[in-house]
Amino acid sequence: MSNQDPRQPQAHAPAQAPAQTRAPAPAPAQTLAGTRAPASAQTQAPTPTPPPTPAKPRGRPRSFDRATALEKAVLAFWEHGYEATSVSDLTRAMGIGAPSLYAAFGDKQALFAEVVHEYGVRYGSFGDRALAEEPTARAAVGRMLREAAAEYTDPAHPHGCLVIHAAVNCTTPEVEESLRERRNANIAAFESRIRADVAAGVLPATVDPATLARHTGAMIQGMSQQARDGASRAELEALAELAMAIWPPA
């Protein structure tokens, strides 16, 4: 029998609540870079949109001035002739590589054809102007020979005529034929003008237009070579005056 007072409540050990298993907190979300994503309550700055990439131009832009390169080719062919001017000479004179030359001008022969045209426009047109502007064949030929004396000895460029000099030692048939046709076309133009003056009574009927025209062509070609050989402007002008002395009076 217990000696404890029944009026006193018995002390009992407090019952322990069963342990509750707490779910582990979810791991914080990570970004692709491995850093924690910001809390949802925070406002994330928007990612700036990169500027659009400009479209690349098609093809490689030309890195040289075509007109300048063509002028340098004119001077190279004028100085050395067609056959003696190599592609290496041209690229060195023009300041461009061989691929650029072929892309812009074609092959050597195509470039030369353009050179001859450019020469005729810039340097060789004095003959056509004289024939078009002077009132008679005699006046036109006299002016042409005097201007040839000045043009063929101009120190600003090679001496003589490109069309005449480029044909020297030319072994390319197409080029040789093209230059021959140009020289013959000039003689034909002289003859046409002389024949018109004969028909109009400006020159005597005894004049042989074909022979006088060929004489004029020979003078032009001879003056070109004389200039290449060092003749001065004054010497060629004196030659021009002598050449006109054989013309019959108008």
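This is a predicted model: local features need pLDDT of at least 70, side-chain atom pairs count only at pLDDT 80 or more; totals for chains, interfaces and linings use all residues.
User: Thanks! Which residues of H1 are buried, and what covers them?

Analyst: On H1, the buried residues are Ala69, Leu70, Glu71, Ala73, Val74, Ala76, Phe77 and Trp78. Their cover includes H2, H3, helix H4 (108–122), helix H7 (162–165) and helix H9 (209–228).

User: What is the phi of Gly81, which follows H1?

Analyst: Gly81 comes after the end of H1. Its phi is positive, near 85°.

User: Good to know. Are helices H2 and H3 roughly parallel or roughly perpendicular to each other?

Analyst: Helix H2 (residues 87–94) packs against helix H3 (residues 98–105) with axes 10 Å apart and an angle of about 90°. H2 contributes Val87, Leu90, Thr91 and Met94 to the contact, and H3 contributes Ala98, Leu101, Tyr102 and Phe105. By class, seven of these residues are nonpolar, one is polar and none is charged. With that angle, H2 and H3 are therefore roughly perpendicular.

User: One last thing: how many disulfides does a search of the whole structure find?

Analyst: Cys161 is buried, at a relative accessible area of 9%, and Cys170 is also buried, at 8%. A disulfide would need a pair of cysteine sulfur atoms within 2.5 Å. Across the whole structure, the number of disulfides found is zero.

Technical notes
Residues are numbered from 1 along each chain as its sequence is written. Side-chain values use heavy atoms; hydrogens and water are left out. Buried means under 20% relative accessible area, exposed over 50%, partly exposed in between (1.4 Å probe, protein chains only). Axes are lines fitted to C-alpha atoms, for helices over the stretch in contact, and angles run from 0 to 180 degrees between N-to-C directions. Helices (H or I, at least four residues) and strands (E, at least two) are DSSP runs, numbered from the N terminus. Angles under 35 degrees count as roughly parallel, over 145 as roughly antiparallel, 65 to 115 as roughly perpendicular and the rest as oblique. Contact means heavy atoms within 4.5 Å. Ala, Val, Leu, Ile, Met, Phe, Trp, Tyr, Cys and Pro count as nonpolar, Asp, Glu, Lys and Arg as charged, and the others, Gly among them, as polar.
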